[in-house]
Amino acid sequence: MAYEPQPEHKFTFGLWTVGNIGRDPFGAPTRDPLTPAQQVRLLEGSGAYGVNFHDDDLVPVDATAAERDAIIREFKQALNDTGIVVPMATANLFGDPVFKDGAFTANDPKVRAYALQKVLRAIDLGVEMGASVYVFWGGREGTETDSSKSPLESSQRFRDALNFLCRYVRDQGYNLKFALEPKPNEPRSDIYLPSVGAMLGFISTLDDPEMVGLNPEVAHEHMSGLNFTHAVAQAWDAGKLFHIDLNDQLFGRYDQDFRFGSVMLKQAFYLVKFLEDVGYAGSRHFDAHAYRTSDYADVKEFARGCMRTYLILKEKAARFNADSEIQALLAEVKADEGQYAYLAGGYSREVVARLRGETFDRAAMNRRPLPYERLDQLTIELLLGVR
Ligand code: DIG
Ligand code: MN
Ligand code: MN
């Protein structure tokens, strides 16, 4: 049937997404907690490909060895029974009060050391479960007051931690790459490395930059009023789109983590079109959660909705690419007789001399039609299902 999610679509969910119990800063949980195995089984038959987890989502930090073994046995059984896999893992370096001043960038060297130790264990656990991507979201790596620490010193601390962990992965021979996830704020007033662009600049300063890429999230660029598809395109262009967190988000609000495509539908369309046009082959990870008002039956609808909307927009993207009127307009606005093709060959003194000799009729150039209103209306009508 149309729009039915299948494992080959590579849709994944964090355990914390379908396992979200509806707590918010102003209210208690509205849903009973589920075990990791129950969270996996909630997705059984949904068409989801995989689940991801923070270390603490799977094995509570104070679990005994026996408790750990039991949890992992039950979790592996659920994965085996459902055929769901674990493509990505991460560590929770933001929930425990010990990280209140950051993890890798905390002022207390003991906290920085504990964070490293916790991530070593979490990397081992993720690899044991089959993960090949490891996400770092530095939710507490930031400040409320910049009197507390130097951003330069914090950048060096973050760099030292990642360099150390990249060496660990290489030393262990793990097939694992790191995906950094930017966010501008929340829970810290200002989080370091707040955007895809900032992260790309930072990655280039690492010892093993080839091991490190991006995990951009829709909501996080939207929180800054940025165009998420432009950010994703920059990551892709740099060969750094290692993973992606899909959800939705109104501009200028706290991190809403809405169901994918549920508010900024046009932006979601351009994102899906980009991912499908370039042939992105990674996980389509939904880092989102159901409304606090939902019960678990509705949580299942939330998960189904994320995947179905992606598939519907994927079909819309194919229709856009096949729409003769839209494609004719694009051909028109991009028409190029090739008289300046010599500039595509890069710099030379001959090119400079030739370019200097060119004359430009700016009035005529201004009269060249750019029917973008027509083009955008056709896009809207395609999205509204009338073409
Ligand atoms: C928040 O958007 C973060 C955490 O949920 C997690 O560490 C990461 C992985 O998707 N996203
Ligand atoms: Mn988020
Ligand atoms: Mn995320």
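Here's a quick look at the largest pocket of this predicted model and at a strand that helps line it.

Let's start with the empty space. Rolling a probe the size of a water molecule over the atoms shows where empty space is left. In this model, the largest pocket holds about 1500 Å³ of space. Its lining is made up of 46 residues, and those closest to the centre are Trp16, Asn20, Arg23, Asp257 and His289. If you sort the lining by residue type, you get 17 nonpolar, 14 polar and 15 charged.

Which helices and strands each supply at least two residues of that lining? They are helix 1 (15-18), helix 3 (55-58), strand 3 (88-90) and strand 4 (133-137). Helix 1 gives the largest share, with three residues.

Now for strand 4. In a regular strand the side chains alternate between the two faces of the sheet. Here, Val133, Val135 and Trp137 point one way, while Tyr134 and Phe136 point the other way, and all are buried. Since five of the five residues of strand 4 are buried, the strand is largely enclosed by the rest of the structure.

| Pair | Direction | Bridges | One bridge pair |
|---|---|---|---|
| Strand 3 and strand 4 | parallel | three bridges | Thr90 and Val135 |
| Strand 4 and strand 6 (residues 177-181) | parallel | five bridges | Phe136 and Leu180 |

How does the chain get from strand 3 to strand 4? It passes through helix 5 (residues 109-128), making a right-handed β-α-β crossover.

Definitions and conventions
Residues numbered from 1 in each chain as written. Chains lettered and ligands numbered in written order. Predicted model: local features only at pLDDT ≥ 70, side-chain atom pairs only at ≥ 80, totals over all residues. Heavy atoms only, no water. 1 Å grid on protein atoms, 1.4 Å probe; cavity = no way out; pocket = protein on both sides within 12 Å on 5 of 7 lines; lining within 4 Å. Points joined across faces, edges and corners; volume = space filled by probe spheres on them. Helix = DSSP H or I, 4+ residues; strand = E, 2+ residues; numbered from the N terminus. Nonpolar A, V, L, I, M, F, W, Y, C, P; charged D, E, K, R; others polar. Buried < 20%, exposed > 50% of the residue type's maximum accessible area, 1.4 Å probe, protein only. Pairing = 2+ DSSP bridges. Right-handed = clockwise from strand over helix to strand, strands pointing away.
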